[in-house]
Amino acid sequence: MVFRHSVPILYSSDIRRSIAYYTNVLGFDHQWEWDDVPSFGGVSKDLVELFFCKDGQGHPGTWIAIMVDNVDELHERVKAEGGKILAPPQDRDWGLREMIVEDPDGHCIRIGQGRTSGHKTSSELPQTISIVERLPTVEEFEALVNAVGWKAQTDERTAAVLKAPLHAVVAEVTETKKLVGCVLLLGDSASFYYIKDLMVHPDFQRKHVGTALMQQLNRWIETNAPGDALVGLYTGENLAPFYKQFGFRESFGMCRRIGSRDK
């Protein structure tokens, strides 16, 4: 069985308004609608396609990501058309240059491109930043999640997440102790370890912070993990070069997400 592609279906309170936004502001160049007073519709451009459903499917505030070849050019277009920009283009530690825009129904679109050599990263950690082996607090972790645009969790869920790691490394401003980055390590202390939640505050990205966090965590693993233990992580294809410098290589894997238990 071959999966061809997927198409997000976004909630829309006004199909024609949605189509107008995505064509006029974001530059999609094909469109269609269903019914005289549209209840369904869609837009597409190149390899990206989106559907809209009036009041019937989904909810306002969905997040989606779209990859383009020039995010700065699109940023100028969105500004000229009066689109709402939540975050202008910025270089991210995960290998993308991204901006975030919001459509008329409150959907947040992360629009990004792979970083080019023109967007340079510092090769040294700023002297004002310290790398410390400790867990972040619930408040620190949630602040980082919000800063990088990940989905927020309840305090209880975050507390549970932070009870699980075997080890953690954080980056903090030396003078104020403000947390600006972290990475967590899970595992059975015998044969398998899992690296997760590497985050760097946007104000401190492209400053060697993510690299320094991984270097410190790697040193701890190499010192404390038994011989022949396996260390794994999940990442996007664009970040493969970043992790390869720490000895990781591509490997086939599978995963399954448990559905929502909300009633």
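Mentor: We shall discuss a nonpolar core and a pair of helices. This is a predicted model, in which local features need pLDDT of at least 70 and side-chain atom pairs count only at pLDDT 80 or more, while totals for chains, interfaces and linings use all residues. Residues are numbered from 1 along each chain as its sequence is written, and side-chain values use heavy atoms, leaving out hydrogens and water.

Trainee: Which residues touch the most other members of the largest nonpolar core?

Mentor: In soluble globular proteins, nonpolar side chains tend to be buried together. A nonpolar core is a set of buried Ala, Val, Leu, Ile, Met, Phe, Trp, Tyr and Cys residues joined through side-chain atoms within 4.5 Å; buried means under 20% relative accessible area with a 1.4 Å probe, protein chains only. Here the largest core has 37 residues, and Val183, Ile195, Leu213 and Met214 touch the most other members. Another core, of 20 residues, lies apart from it, with Leu10, Tyr21, Ile66 and Met99 among them.

Trainee: How does one describe the packing of helix 1 and helix 2?

Mentor: Two packed helices are described by the angle between their axes and the distance between the axes. Helices are DSSP runs (H or I, at least four residues), numbered from the N terminus; axes are lines fitted to C-alpha atoms over the stretch in contact, and angles run from 0 to 180 degrees between N-to-C directions. Helix 1 (residues 15-25) and helix 2 (residues 71-80) pack at about 125°, with axes 9 Å apart. That makes helix 1 oblique to helix 2 (angles under 35 degrees count as roughly parallel, over 145 as roughly antiparallel, 65 to 115 as roughly perpendicular and the rest as oblique).

Trainee: Which residues make the contact?

Mentor: Thr23, Asn24 and Val25 of helix 1 meet Leu74, Arg77 and Val78 of helix 2, contact meaning heavy atoms within 4.5 Å.

Technical notes. Buried < 20%, exposed > 50% of the residue type's maximum accessible area, 1.4 Å probe, protein only. Helix = DSSP H or I, 4+ residues; strand = E, 2+ residues; numbered from the N terminus.
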